[in-house]
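Biologist: Before I use any of these labels, I want to hear what stands behind each one. Please take them in turn.

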Amino acid sequence: MSLFMFAVGILVATANKGESTKTNHSVHCANRERVSSLEADLILGGFFPVHIIKPTEGSTKQAHDINLYGLNWVEAMLFTIQEINSNHNPLPPNFTLGYDIRDSCNDVPVALQAALDLVLDAGNMSSANNNKSCSSVYCKCNVKGTQISAVIGAASSPISISVANVFGVDDTPQISYSSTSVLLSDKTVYPSFFRTIPSDTYQAQALADLLKHFGWTYVSIVASDNAYGRAGVDSLRTELKKREICIALEEIFNPSLSQQELRHIIELLKNEQKAKVIILWCERPNAVGFLNEASRQKLGGKTWIGTETWGDAYQLKTLDENVVGGMLGVLPLLKRHKDYEEHLSRLQPNNTDYNPWMWEYWTDKFGCVTHDAAYSNSTPVSNLQVLEEKFYVYTTKRPNVTLLCPKTSSKPPSADLLPRNKYTNVMDAVYAVAHAVKNIFDCKDVKNLLKSEKCPDILDSSIKPIDIVQFLKNVSFDGRSGSQIMFDNNGDLRFGSYAIKNLQQINDKEMDFKEIGIWDGQDGKLLVYNNSVITWNGWTSERPKSVCADPCTPGYYQVKGSVACCWKCVKCEKGSVKPTTGPEPCRKCSEGYASNIQRTSCVKLKSDYLAWGNAEGVSATLLAALGLIISNCVLAVFYKYRDTAVVKASNRELSFVHLACIVAIFVHPFLMMGKPTVGGCTVLPLFFGIPFTLCTSIMLLKTDRLLRIFKARSRLTAGGSYLISNKMQAIVASVMTLVPVTLTTIWFVVHPPEVVIKVDNTREGWQILSCGASNELLNIVILGYVLVIALLCTYFAFKARKLPENFNEAKFICFAMFAFCVFWLSFFPAFYDSVGSTRNFLFCLAVLGSGYAVLGIMYAPKLRVILFHPESNTAEAFRATTLVAMKKAGVVVSSNSATPPRITPVPSPVPSRRNSPDGGVVLEGRTSAVSIGRTILPSPKLARH
């Protein structure tokens, strides 16, 4: 009867185990336990997710569950500390490590409260500690509590980011074994954070190389909405872009795992037919919850890629094989530690009472219950032999209870079944602190990393956390994880390596992960052992295809849409070819070549420029040569008759300069002939701007001089008489000419001259050689400046049109400038409607036409007088004509042969007047017209004197 009641009690306890376990898990996070040993010289804090939050099945509500990974990490830290204290390596024999381990429950508020508890020393000091003997020089006797010198943890990146802000306040070193977010690499925000696991920078590279290896260029990414997921996707996005891999769908989900949100994302993944590969970047609980929902929604035919937190999670082995079968996982390379593996195999319910969280492992994994709980509804069985027939019986010391574990398997309960993941990274974190402390003890000179360049004083005070932070930067040792533990300036490992695992079918009911490759962070290379042994989704050996579009054929290139890898194949443009099939872009043909009709090869081009031998070049050469001959002849005539009245009356010196400018204008077309060069492109704007500006400015100054002489009441006479002198006119003309010179210099500094080769799209097989649009624009700007001067000159010359006949040069200037402006303004439409050599030819015609217009209109009348009417080219003829013109203007003139003429001018508003030495009249510094005439054209009688 007692046996029957005992069996009933066991069944009841087993049936209620699940419910009681759930309640106990939540109680553990509500009333957090700790594992601590504070009787030591240096205390290490520990943050481990012994409990995690997971969604309950069929609901969005959440409950806590024991985390076997976190339990293994706690045991790894305890084992490592015990190993260091026992072996006294690397620490001195009389120096020991203690610990204060907290359960973060994988929850930020819980972890923050524990972090504050550690920093503020709340409740850390027991009465035994207060009475501790201070015989050791390293003993920390602090009546306020036990100081935490370093912290191991936390696991998840969001929690590490939160607690790092707390520990960073007093520079307490924090070494994480699992947080990989790149955000933690920012030393300006997290100055005391280190990690013994590679950052997501390396993981993103490994994932991108994996996609590239299998030819997957169009993938979907799903990530959790937290620091780990978002920062990881940012790093991955950068690496994918480098490898020209496109993201078909990128979705972020809330870690609370709302079923409505998950169903929406899964529906989007179903609709994305071309993207067969999905990267799920989130923490393990979120990944399991997401894949559970994917299994319920029958999301098959996809290849999942898992990140380091869940890539080989044991929970995946029980999910729908049609969903997760054939998935790949990218995991930090795990090197098992023999001593620790043996330690786990020796752990049983009767020797783990130092760790209260292990009880949950025994109850969850093996169904163990206490003897009293088993007999809660029956009479207890005290016969040990009877109990051992159906149970493994264990007796614990603290508390003294008997545990009964059903013999459901041939092997007794053991911690050897704890999942392996990152426990060697936990060991490396503990050893990193130990090596930093050892380096502090060994510090003998200033060659260390302390900012003060002075070794810390450990005889009179305890080791400060900030000292550990500084010496952590210089630790170097072979880690248990197989990596060289050396931290860079960001507190990260200098490189990281990853194992690639594949979830394969073991039998009809079981799946397991098999390692298929490795990614080496030292050289950044991926090695896949054998592609043929990989099993893909649906248990097929055929590699899935995850691309958006097929490569384009020869002659066609990719035109990408909103997604870079989804393109249309479009024929290459003229001048570009693509001879092969693939993603290569069309390449431009070399200089002097163009594409054929099929756009598959280049053919040699004919060059179009103003050549000496073509019809346009010959025409421009003949016209320029003729103009050059005529202008030189005019210059020669003016030089020969330089002392005659006509030449003197037109301001001899300025006329010579003006004719020289016209000669330069006719030289300009010769500079435009032939193949363009950088030197030619540099000289042309200057050779265009200087002659034209100087030519028009001289005509403007001539007009101004005539107006000042003969129109005393004109607005232009408001200035002083010094503007009439040749010296001042030369200075003004030079200043006006400096404008295009300065403009050209600045322009070439900003836009250096160059020869531009452009394929002519209007003619097949032709290319245009020119100085480019920048050079053309500079010429237009200079021309605009010249036209402004020309328009001003035209206006002033029009006002001076009624001057005496021998002084009517202003009339010809008016005609010449009017023709000049009309010529250039009509040039613009034709210029911009042409291309190539035709455009240059039109520019030459405009230059030559304006030169001919100015030369003909300005100098033909003078040549007529000089060559055909020499009787009019005398001083007396000029003086007579001037007097007649002044009488018509209302100026009373009286004269005789014995004395110079007297002038009685009409009343003028000019306020004062004075006599000039030669008998003329000067009006406020301005010489009268007759005086000027006598000065320029003296009578023979005066000349003899």
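Modeller: Accessible areas come from the Shrake-Rupley method with a 1.4 Å probe, and for residues only the protein chains shown count as cover. This is a predicted model, where local features need pLDDT of at least 70, side-chain atom pairs count only at pLDDT 80 or more, and totals for chains, interfaces and linings use all residues. Residues are numbered from 1 along each chain as its sequence is written, and side-chain values use heavy atoms, without hydrogens and water.

Biologist: Which residues form the nonpolar patch on the surface?

Modeller: Ile-746, Val-749 and Val-750, with about 310 Å² of accessible area together.

Biologist: Why is Val-750 called exposed?

Modeller: Exposed means over 50% relative accessible area, buried under 20%, partly exposed in between. Val-750 has 56%, so it is exposed.

Biologist: Why does Glu-308 count as buried?

Modeller: Its relative accessibility is 0%, therefore it falls under the buried limit.

Biologist: What makes polar contacts with the side chain of Glu-308?

Modeller: A polar contact is a pair of N or O atoms within 3.5 Å; within protein, one must be able to donate a hydrogen and the other to accept it, and residues adjacent in sequence count only if both atoms are side-chain atoms. The side chain of Tyr-228 is at 2.9 Å, and that of Lys-422 at 2.4 Å.

Definitions and conventions: Patches are made of residues with over 30% relative accessible area and no salt bridge: like charges are joined within 9 Å, nonpolar side chains (Val, Leu, Ile, Met, Phe, Trp, Tyr) within 5 Å. A salt bridge is a side-chain nitrogen of Lys or Arg within 4 Å of a carboxyl oxygen of Asp or Glu. Buried means under 20% relative accessible area, exposed over 50%, partly exposed in between (1.4 Å probe, protein chains only).
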